[in-house]
Amino acid sequence: MTAGTVLAIDGLRKTYGTGPDAVTAVDGVTLDVQAGELLCIVGPSGCGKTTLLRCIAGLAAPTEGTVTIDDQLVTAPPPALALVFQDYSRSLLPWMSVHANIVLPLKAQRLPRAERDGRAAEALAAVGLGGLGARYPWQLSAGMQQRVAIARALAYRPEVLLLDEPFASVDAQTRADLQDLLLDVWERTHLTMAFVTHDIDEAAYMADRIVVLGAPARVKETVEVDLPRPRDQIATKALPAFADLRGHIFASVKAEAGRRSAGDGPLV
Amino acid sequence: MTTAPLGRLARRLPVLAGRSALQLLVPAGLLLLWWRTSADSTSYLYPPAREVIESLREEWLADRFSSDILPSLRRFGEGFVLAAVIGVVAGTLIGLVPRLQRATQPVTELVRSIPPPLLFPFALVVFGIGDGSKVALIALGSVWPVLLNTVDGVRGVDPHVLDVARSFRIGRWREVTRVVLPAASPKIVAGLRIALSVALLLMVVSEMRGGTDGIGFRIRSAERTFDTAASYAGVIVIGAIGLVANLVFVVIEGRLMRWHRGARGRVDEIEGRGALA
């Protein structure tokens, strides 16, 4: 672990059930995330990415190993971490306005009202939804709802932002817009981000570093990404280095998926 | 832009008028039929409609309004509110704690299977012959739909939503009041609506069984003195109370559940079923 490490995962293992029926979802992940880093985690679908994320977020207890944030052992959801879930329609509360959704966690922190309202307005502006606080989530489009979920996480002021396939349920154009929005937020705040995705292009486009997971989840390979920033949907993706990187990651994930369908790994 | 909705309203106006005319047609026809067929009736079981209306105006809406209708309404209201509060609070606790559900299930299954009017003697023994036993019977009978629907709703909350609540550390109290209860509210409201009609039924039953005032008591004594017109008028009063209570409920439900219809409509739209018809 180096000095700039914010999030440290050490020998994390998660097994469901016991005896011969036991299923291993996470099989010994060791991983450090540096302060201000944008780390993407990719892997074949169903490789236990979500279980790994739930363990990091303190929503599930690991069977073995530890997760620490700022040298604090994670045993419950840590205050320094905010989550953006894949399914925006189930993660925003439809009975509350956008504003109420964003300030609900802040009320629990007993922040004064002016501070809460200020943070909510700022976060909404940061995701390009300024002035829409009075709307209800279901009055917004899919992309706007996911932006509200990002705003809620930003207003929480975490050190680490954890994103679980956040753009998997929106159309391609919205997805590209949201990627650029998130990069823009990251450039301005330099939050530490761990971004789980099954989309290799997305990982290559966004990341400082890509972790390829095997199945069940373990670190198969770590790839440093040195594509220039700021990134651009057309220019960056036209670079030969982008094509090389994409091809490399694709082969790595595909080999893993092939190994699994050949019957080597458990179906998790 | 602003004229478009107005134009649409203007086009829809004849349709709306036609629809309400249709809705008024059947009741008006039935009233007329009743009035005509009963006008010369000499059977005490089928008094002239005019006598029923007279009783309604001169007895029920005069002296009996404060001596009988108001006490009945108070019992109905108290019993229903008691059932709603107990049902939601106990249902939430039972729904949140699986062990509590296992412990209480045999008793709740048994008691809710007993037709509530049969519990009246029990209520009399425990709460005395006054208003207490009547309110208790109303609450005891109408608590079940609220309780069972609340348990069902609380247990059915999407675990994903609870993950959100926990990861943002909103605390147990906020988790229950701001997340679990709203998520369960469509089911709770459905239970309350059933409870409303059960409460009205039990109000009448408890007043017919005993007491010295109330709509049920007056209907029963009118029947015993062969004053059929007065007892029919009492039935109309009960019907009107049920109608108004339901209307009030629908208005409140519409306000509270706006998000639910909105979110549903949105889902329908996404899944290609079209918005609310």
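This is a predicted model: local features need pLDDT of at least 70, side-chain atom pairs count only at pLDDT 80 or more; totals for chains, interfaces and linings use all residues.
Residues are numbered from 1 along each chain as its sequence is written, and chains are lettered from A, with ligands numbered from 1, in the order in which they are written.

Helices (H or I, at least four residues) and strands (E, at least two) are DSSP runs numbered from the N terminus, and two strands pair if DSSP finds at least two bridges between them. In chain A, 4 strands form an open antiparallel sheet in the order β2-β1-β4-β5. The edge strands are β2 (23-34) and β5 (72-73) of chain A, each of which pairs on one side only. β1(A) and β2(A) are antiparallel and share 9 bridges; A:Arg13 stands opposite A:Asp27 in β2(A). These two strands form a hairpin with 6 residues between them, and A:Gly17 in the turn has a positive phi of about 80°. β1(A) is also joined to β4(A) by 5 bridges in the antiparallel sense, with A:Glu64 in β4(A) as the bridge partner of A:Arg13. Strand β4 (residues 64-69) of chain A is in turn joined to β5(A) by 2 bridges, and A:Ile69 stands opposite A:Gln72 in β5(A). Helix α1 (residues 49-56) of chain A lies across β1 (5-16), β2 and β4 of chain A and runs at about 120° to β1(A). Here contact means heavy atoms within 4.5 Å; axes are lines fitted to C-alpha atoms, for helices over the stretch in contact, and angles run from 0 to 180 degrees between N-to-C directions.

An open sheet of 6 strands, also in chain A, has mixed pairing and the order β6-β7-β8-β3-β9-β10. β6 (81-84) and β10 (219-224) of chain A stand at its edges with a single partner strand each, so one side of each is left without a neighbour in the sheet. Neighbouring strands of this sheet are turned by 20° against each other on average, direction ignored. Strand β9 (residues 209-213) of chain A runs antiparallel to β10(A), and 5 bridges join them. A hairpin of 5 residues connects β9(A) to β10(A). A:Leu213 has A:Val219 as its bridge partner in β10(A), and A:Val211 stands opposite A:Thr222. Helix α6 (residues 172-189) of chain A lies across β3 (38-42), β7 (160-164) and β8 (192-197) of chain A, at about 160° to β8(A).

At the interface, 20 residues of chain B are in contact with 28 residues of chain A. The two chains bury about 2,400 Å² between them, 64% of it on carbon and sulfur atoms; buried area is the accessible area (1.4 Å probe) that two parts lose on being put together, summed over both. The count between chain B and chain A is 2 salt bridges, each a side-chain nitrogen of Lys or Arg within 4 Å of a carboxyl oxygen of Asp or Glu. The side chains of A:Arg90 and B:Asp158 meet in a salt bridge (2.6 Å, N to O). On the side of chain B that touches chain A, α6 (159-167), α7 (172-209) and α10 (258-270) of chain B each supply at least two residues. The largest share, 6 residues, comes from α6(B).

Definitions and conventions:
Side-chain values use heavy atoms; hydrogens and water are left out.
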